[in-house]
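Take a look at the fold shown here.

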Amino acid sequence: MGAPINCTINLILAEDDTDDAFLFNEAIDELALTVDLTIVSDGEQLMQRLKNEDIQLPDVVFLDINMPRKNGLESLSEIRVNKRLHNLPVIIFSTSFDEEIVNQLYVNGADYYIQKPSGFEALKNVIHLALNLISEKNQLQPPKDSFVLTDKKARLALK
């Protein structure tokens with residue numbers, strides 16, 4: 001389902017922190033990609049949008065874990081059991097890194113996990129890597145050792 005990297009990528013960011021959403025948008029703007037970005041502030045808004053059959057499904061969802069009303073774990077589970085949404089690429093995008101939760105997200109079918117980097121260049125790098133990986137994806141979840149995307153992995157892959 002991933003969009004080729006040379007066309008418009010329809011992306012939803014589910015993020016309740018307005019500063020993080022702003023930085024994500026700024027990073028997207030600086031990438032040499034054409035992205036149509038929609039930002040929702042919680043899992044309820046995300047699921048309402050994804051279940052609305054009048055709205056085209058995105059190519060990828062970046063999903064924060066810690067959100068009000070419905071968190072990222074709940075949203076991911078709901079996406080994976082819905083026939084229309086089941087194959088939608090979901091990249092977890094979170095400040096925290098709890099190995100147990102990361103493992104649970106992998107088991108629940110997330111495509112990749114990004115711990116939000118502190119630097120802007122690192123943020124751009126990991127978003128770019130994630131979008132490249134999704135655009136090349138053949139709908140199979142990556143091996144567990146490739147699940148967590150880091151700035152270091154991104155810099156190596158984007159050379």
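Gly43, Leu46, Met47, Leu50 and Lys51 of helix 2 meet Ser75, Glu78 and Ile79 of helix 3. Contact here means heavy atoms within 4.5 Å. Helices (H or I, at least four residues) and strands (E, at least two) are DSSP runs, numbered from the N terminus. The model is predicted: local features need pLDDT of at least 70, side-chain atom pairs count only at pLDDT 80 or more, and totals for chains, interfaces and linings use all residues. Residues are numbered from 1 along each chain as its sequence is written, and side-chain values use heavy atoms, leaving out hydrogens and water.

**Helix pairs**

The axes of helix 2 and helix 3 come within 9 Å and cross at roughly 15°. That makes helix 2 roughly parallel to helix 3. Axes are lines fitted to C-alpha atoms, for helices over the stretch in contact, and angles run from 0 to 180 degrees between N-to-C directions. Angles under 35 degrees count as roughly parallel, over 145 as roughly antiparallel, 65 to 115 as roughly perpendicular and the rest as oblique. The crossing of helix 2 and helix 3 is right-handed. A crossing is right-handed if the near helix is turned clockwise from the far one by less than a right angle, and left-handed if anticlockwise.

Helix 3 is largely enclosed by the rest of the structure, because seven of its 10 residues are buried. Buried means under 20% relative accessible area, exposed over 50%, and partly exposed in between (1.4 Å probe, protein chains only). The buried residues of helix 3 are Gly72, Leu73, Ser75, Leu76, Glu78, Ile79 and Arg80. They pack against helix 2 (43–51), strand 3, strand 4 and helix 4 (99–107).

Helix 1 (residues 18–30) and helix 5 (residues 120–136) form another pair: their axes come within 9 Å and cross at roughly 70°. Helix 1 and helix 5 are therefore roughly perpendicular to each other. Their crossing is right-handed. Helix 1 makes the contact with Leu23, Phe24, Glu26, Ala27, Ile28 and Glu30, while helix 5 uses Phe120, Leu123, Lys124, Ile127 and Leu131.

**The sheet**

In what order do the strands of the open sheet lie? The order of the six strands is 2-1-3-4-5-6, with parallel pairing. Two strands pair if DSSP finds at least two bridges between them. Strand 2 (35–40) and strand 6 (148–149) are the edge strands, and each pairs on one side only. Helix 5 packs on this sheet, touching strand 1, strand 3, strand 4, strand 5 (112–115) and strand 6. The direction of helix 5 makes about 145° with that of strand 3.

| Strands | Bridges |
|---|---|
| Strand 1 and strand 2 | six bridges |
| Strand 1 (residues 9–14) and strand 3 | four bridges |
| Strand 3 and strand 4 (residues 90–94) | three bridges |

Leu13 has Ile39 in strand 2 as its bridge partner. The chain crosses from strand 1 through helix 1 to strand 2, and this β-α-β crossover is right-handed. A crossover is right-handed if, with the strands pointing away from the viewer, the path from the first strand over the helix to the second runs clockwise.

In strand 3, Val60 is the bridge partner of Leu11, Val61 that of Ile12 and Leu63 that of Ala14. Phe62 stands opposite Ile91 in strand 4. From strand 3 the chain passes through helix 3 to strand 4, again in a right-handed β-α-β crossover.

**Buried strands**

In a regular strand the side chains alternate between the two faces of the sheet. In strand 1, Ile9, Leu11 and Leu13 lie on one side and Asn10, Ile12 and Ala14 on the other, and all are buried. In strand 3 (residues 60–63), Val60 and Phe62 point one way, Val61 and Leu63 the other way, and all are buried.

**Ile114**

Leaving aside neighbours within four places in sequence, Ile114 is in contact with Phe62, Ile91, Ile92, Phe93, Ser94, Val126, Ala130 and Leu149. Lys83 is 31 residues from Ile114 along the chain, and their C-alpha atoms are separated by 25 Å.
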